[in-house]
Amino acid sequence: MFRVLTRWATRLALCAACALWLAFGANARASTIVVTPASLNGWAPNITDNTGATGGNPTGGVNFVVGPATPPLGTGSANLFTGDGTNGGDASAQLRNVNYAGTAVSALTSLSYSTYVTSWNGSQAPYLSLMIATTGSGAPDDQLFFEPAYQTPSSGDPSLPDQGSPTTGVWQTWNALVGGWWDNNGVLNPGTGVGSLADYLATYPNAVIENTSGGLGGVRLNVGFASPTDVFNGNVDNVTIGIAGGTTTFDFEPNSVTPEPASLTLLAFGAVGLGWQVRKRRKA
């Protein structure tokens, strides 16, 4: 009888272990990466002048800060700012990621980010851009822009989802994958002023994200490139990029963070379960 009970207990334990493995296996394709000044994980700040050349902009900067308010992930975010009311609004502050070079635009399964706007000119909240090689390889020959201010039926393409307008002093999340874009080549600009990535791929089916020849990243978060007297100050966090079922979310923090309480509980539960398994085996 004792052996039967032991076998059943072992089977139950194995089932529980399998359930945990399946849960972790299902989530293995979705990961959260903490980005800090000491561990940028593919991201790099870049401050430019009004021509896009690195440097020459004393009003711009990128800082990793606590807050503001309650960020969507962790306790911090990346703060991008440029312009002092007299000059610098036509320059930029950026965060660029180099890890997505060669990624086909058609392979993107998710693309979103969160913003907190403090100061802007009413048309350019922190925006996302992609450097594009339209032929599928080589140096970028186009650039795609997703701007939160053009994601309503009246401001953008009425056939695309209404994501609302940027509001100062609150965190908002933008789904760029299904949103409206414009590009330097003018494919998405006529008429409504923005179009979908599907519209873009109808013209450039082989479009891929590429870094610039200088190695600067092809995925970019930006403020600026407007009028000299504009003032931009905004925060970004919760940047999610998915490719072929694998999704990475970037959590910007000023310092290293510890696991969330729920994660610690799971780790403790797993350790206890493993210890119980070992003791049962020894006893058997």
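Asn238 is buried, with a relative accessible area of 15%, where buried means under 20% relative accessible area, exposed over 50%, and partly exposed in between (1.4 Å probe, protein chains only). Asn238 lies in strand S13, and its phi is near 60°, a positive value in a residue other than glycine. This is a predicted model, in which local features need pLDDT of at least 70 and side-chain atom pairs count only at pLDDT 80 or more, while totals for chains, interfaces and linings use all residues. Residues are numbered from 1 along each chain as its sequence is written, and side-chain values use heavy atoms, with hydrogens and water left out.

Phe225 also has a positive phi, of about 60°, although it is not a glycine. Phe225 is placed in the loop between strand S12 (219-224) and S13, and at 32% relative accessibility it counts as partly exposed. Another backbone feature is the cis peptide bond that joins Gly67 and Pro68, with omega of about -5°; Pro68 lies in the loop between strand S3 (61-66) and strand S4 (76-82).

The chain as a whole has three helices and 14 strands, these being DSSP runs numbered from the N terminus (helices H or I, at least four residues; strands E, at least two). Of its 284 residues, 42% count as buried. The chain exposes about 13,600 Å², of which carbon and sulfur atoms supply 58%, as computed by the Shrake-Rupley method with a 1.4 Å probe. Among contacts in the chain with a separation of 6 or more, 71% come from residues 24 or more positions apart, a contact being heavy atoms within 4.5 Å.

The table lists its pairings, where two strands pair if DSSP finds at least two bridges between them.

| Strand paired with S14 | Sense | Bridges | A bridge pair |
|---|---|---|---|
| S1 (residues 30-35) | parallel | six | Ala30 with Thr247 |
| S13 (residues 232-243) | antiparallel | five | Thr240 with Thr249 |

S13 and S14 form a hairpin with two residues between them, and Ala244 in the turn has a positive phi of about 50°. Ser110 is itself buried, with a relative accessible area of 18%.

Aromatic rings form a further theme. Rings of Phe, Tyr and Trp (its six-membered ring) pair if their centres lie within 6.5 Å, and planes under 30 degrees apart count as stacked, over 60 as edge-to-face and the rest as tilted. By this rule the count comes to nine aromatic pairs. In one of them, the rings of Tyr116 and Trp171 have their centres 5.6 Å apart and their planes at 55°, so the pair is tilted. Because Tyr116 lies in strand S6 (residues 108-119) and Trp171 in strand S9 (residues 171-175), the pair ties together parts that are 55 residues apart in sequence. Tyr116 is buried, at 13% relative accessible area, and Trp171, at 19%, also counts as buried. Elsewhere, ring pairs link Trp43, Phe64, Phe250 and Phe252 into a cluster.
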